[in-house]
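Hi there,

Here is the structure I promised to pass on, followed by some notes on what turned up in it.

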Amino acid sequence: MAGWILIAVTALFVLWMILIYNGLITLRNEVKNAWCQIDVQLKRRHDLIPNLVSVVKGYMEFERDTLEKVVSARAKALSAAGLHDRAVAEDLLTLALGRLFAVVENYPLLKSNENVMQLQEELTSTENRISFARQLYNDLVANFRTKLEVFPDKIIAFLFAFGTAEYFSAEKSDRDLPAADISIRRK
Amino acid sequence: MPLTFIDIEKQKSWRISFLFSFLLLIYFCLSITLFQSYFILSALFSESGLMKLWNQPEYLLISLAFSLIVAIIHFRFSAFGAVKSVMHSIGASLPDPEDGIHKRLMNIMEEIHIVTGNRRHMKCMVIPSLSMNAVAAADLKGEAVIAITEGLLSRLTRPQLEAVVAHEAYHILSEDCLETTVATSLFGMYASAVEKLEDFGYEDFRGFHPGFLLFWILLKLSFILSMFISREREYRADAASVRMTRNPLAMAEALHLLSRNWTGVGMISSGLEMLCIVSPQTTDLDESEGWWADLMSTHPPIRKRIEILLRMAHASISEFEEKADSKTEIQDISDDGGTIYYALNAWHKWQGPYGITELSTLRWLSPLTWISVVPGRRVERASENGLINALFTNRLNQGKEELSRFTCPSCKHPLVTVSYEKTRAYRCSFCRGILVENDKVPRIIARREKKCPDRIKSLAKAVVTDNQRAVVIKKLKGTDIKTKPLMICSQCKNPMFRTFYSLAYMIEIDRCGVCGVTWFDPDELEMLQCIIENKITPDAEL
């Protein structure tokens with residue numbers, strides 16, 4: 001009798017461990033997926049920028065500086081390694097692009113150009129997608145991290161050596177604030 | 001308030017199952033009552049003796065079984081194809097990828113899918129109507145659609161459209177939408193049955209039976225239930241939309257636009273109003289607060305929704321300020337004793353800090369720009385701030401325009417005296433609305449110098465037809481057409497009432513009864529003139 005009880009308890013314990021383990025794996029995969037989504041969108045943006053630059057170039061003789069900044073920011077973002085560095089580089093690229101679009105507003109010829117408008121819409125959309133994908137990713141990471149720390153998941157995570165996940169952000173907090181462009185004003 | 005989509009997911013599972021079982025219970029009760037009364041009635045007419053039948057337990061069992069079968073069949077058909085039938089009834093179609101504006105909607109939809117982690121596939125559709133509204137629907141088959149009218153699509157800026165789509169997406173993800181869509185299609189049948197009873201039952205008393213009374217009570221109960229849920233979930237959807245787009249002001253602006261414009265009464269039937277972003281038939285109840293209104297109205301007051309959103313905007317600007325403060329020294333900037341300003345530019349990015357002189361040189365600053373003043377940290381329109389408004393007046397003065405004693409009720413801008421159809425009127429140089437003294441209105445509409453453009457003509461026709469429908473529907477339901485106090489008169493500070501110019505010319509205008517002036521939003525005066533000149537009458541089909 002006692003043997004049966006022991007077997008039943010062990011079986012329940014194993015089942016319980018499997019459930020928690022599976023839960024953690026699911027969460028980790030969700031985080032991974034969310035990261036892929038960010039990656040896809042970042043790549044999309046990097047691909048769109050050369051198009052935009054080539055279209056805009058002809059019109060903006062006096063704004064070489066702004067354009068060059070976008071190009072160099074893109075190059076930096078492409079070469080950045082590590083989550084934090086990439087986040088910083090991508091933020092800089094966002095800023096540079098924002099400035100470029102602000103300048104485009106001053107060129108009526110550009111504003112009426114169908115091609116430019118389409119590219120602008122695509123880039124704005126990509127920009128949003130990046131920040132949205134990032135939002136989701138950071139939410140999931142926060143969720144995953146809490147799970148790793150609470151009891152009893154903590155034990156399972158420790159036993160199977162689950163690594164933690166890193167936030168994708170340039171700063172400590174994951175709050176995506178409206179990008180403040182103070183430097184424009186100071187020019 | 002759910003913060004992340006993970007929270008929403010967690011929350012919805014128990015809520016939906018609870019609500020569904022409750023709705024189903026009501027539904028079964030309804031069917032049983034219906035059958036009961038039918039059997040009782042037929043027993044009365046056949047004079048075979050009511051009591052004899054009533055006492056047989058088999059009878060009860062049979063009616064129960066029968067109603068169950070009918071209920072299941074009805075449920076199966078109404079809940080599964082609900083989205084298709086709703087979209088068909090409002091004539092929505094898929095967006096055209098060649099069209100720039102439609103493409104934008106498709107892009108936004110894609111973005112929303114990303115932020116929600118692709119948990120649910122949502123289609124977007126366009127309703128070919130000039131009115132301004134958005135509808136979301138979902139059914140048991142797993143189909144979900146967000147439909148937006150052409151009118152709304154063309155009038156909203158990108159951030160505003162994002163906010164609206166995010167709001168609707170929340171309804172779908174939280175399964176609010178599934179509840180309402182199914183409830184709408186489930187109870188639609190009974191609603192029309194009862195409406196008929198109300199029309200004929202009382203006069204012809206033989207058709208009325210106590211059995212129907214219970215049935216009627218149950219029906220009203222089910223309405224109250226679905227409406228109660230609807231009101232608080234609008235707040236939650238607003239909050240979720242802000243959480244997604246991080247832009248409370250865009251949502252507030254979109255709501256403001258929706259509250260002032262024609263939201264498509266005739267097009268969206270009263271059964272579907274729970275699915276809309278703003279109720280197509282605004283009543284006094286919708287704009288009032290208190291427990292009764294909370295219970296009976298499908299949508300919360302827009303005023304209150306905007307207020308909450310502005311408070312959120314305040315929270316987000318203080319975070320921004322912290323960031324900005326660390327980078328610049330405030331003392332350099334402020335030039336009038338410590339007051340500094342932040343302003344929101346056309347791309348919905350906060351800019352600043354500025355001193356008042358710096359602010360006055362900004363070319364993009366308009367009466368409708370959102371600003372945040374420190375100290376105080378209130379988020380408001382530039383025109384609501386006395387000091388900044390004085391700047392605008394100054395600008396107008398430099399333009400050598402003749403300023404009148406009136407100010408614009410919507411942008412608080414001083415109105416410029418203009419000559420309109422050879423008489424005096426006051427135009428807001430910012431929003432292009434026109435203020436006319438009441439005695440001059442008949443003069444203006446009697447005269448016609450310029451020809452009425454086709455755009456105004458078709459708009460007037462659509463608006464008049466829609467307003468006519470609204471009036472007919474309200475009359476059928478026995479409710480009065482009441483005026484809505486939406487703006488404050490700039491002269492006497494009394495509320496201005498939004499009402500029809502007259503029942504013959506159904507264009508909505510804002511009127512101040514104390515000062516005797518009428519405010520026309522852009523196009524409203526032209527539409528009124530056009531109606532009278534071209535003898536435009538509403539389309540009769542109803």
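On the side of α5(A), the residues in contact include Glu121(A), Asn128(A) and Phe132(A), while α5(B) brings Arg104(B), Glu111(B) and Ile112(B), among others. Contact means heavy atoms within 4.5 Å.

Please keep in mind that this is a predicted model, in which local features need pLDDT of at least 70 and side-chain atom pairs count only at pLDDT 80 or more, while totals for chains, interfaces and linings use all residues. Residues are numbered from 1 along each chain as its sequence is written, chains are lettered from A and ligands numbered from 1 in the order in which they are written, and side-chain values use heavy atoms, with hydrogens and water left out.

Now to the charged pairs. Side chains of opposite charge can pair when their charged atoms come close. Over all chains, the structure holds 14 salt bridges, each being a side-chain nitrogen of Lys or Arg within 4 Å of a carboxyl oxygen of Asp or Glu.

One of them joins Asp47(A) to Lys43(A), at 3.3 Å from N to O. Both residues sit in helix α1 of chain A (residues 2-57), four residues apart, or about one turn of the helix. Asp47(A) is partly exposed, at 43% relative accessible area (buried means under 20%, exposed over 50%, partly exposed in between, with a 1.4 Å probe and protein chains only).

In chain B, which residues meet Glu437(B) in salt bridges? Arg424(B) does so at 3.8 Å, N to O, and this pair links distant parts of the chain, 13 residues apart, with Arg424(B) in strand β10 (residues 423-427) and Glu437(B) in strand β11 (residues 434-437). Lys440(B) also meets Glu437(B), at 2.8 Å, N to O. Glu437(B) is buried at 12% relative accessible area and Lys440(B) is buried at 10%, whereas Arg424(B) is partly exposed at 40%.

Salt bridges that share partners also join Glu121(A), Arg104(B), Glu111(B), Arg158(B) and Glu162(B) into one network. Leaving out residues up to four places away in sequence, Glu162(B) touches Asn128(A), Ile108(B), Glu111(B), Ile112(B) and Thr245(B).

Back at Glu437(B), its C-alpha atom is separated by 6.2 Å from that of Thr518(B), 81 residues apart along the chain. With the sequence cut-off of four places again, Glu437(B) touches Arg405(B), Arg424(B), Tyr426(B), Gly516(B) and Val517(B).

Best wishes

Definitions and conventions:
Helices (H or I, at least four residues) and strands (E, at least two) are DSSP runs, numbered from the N terminus.
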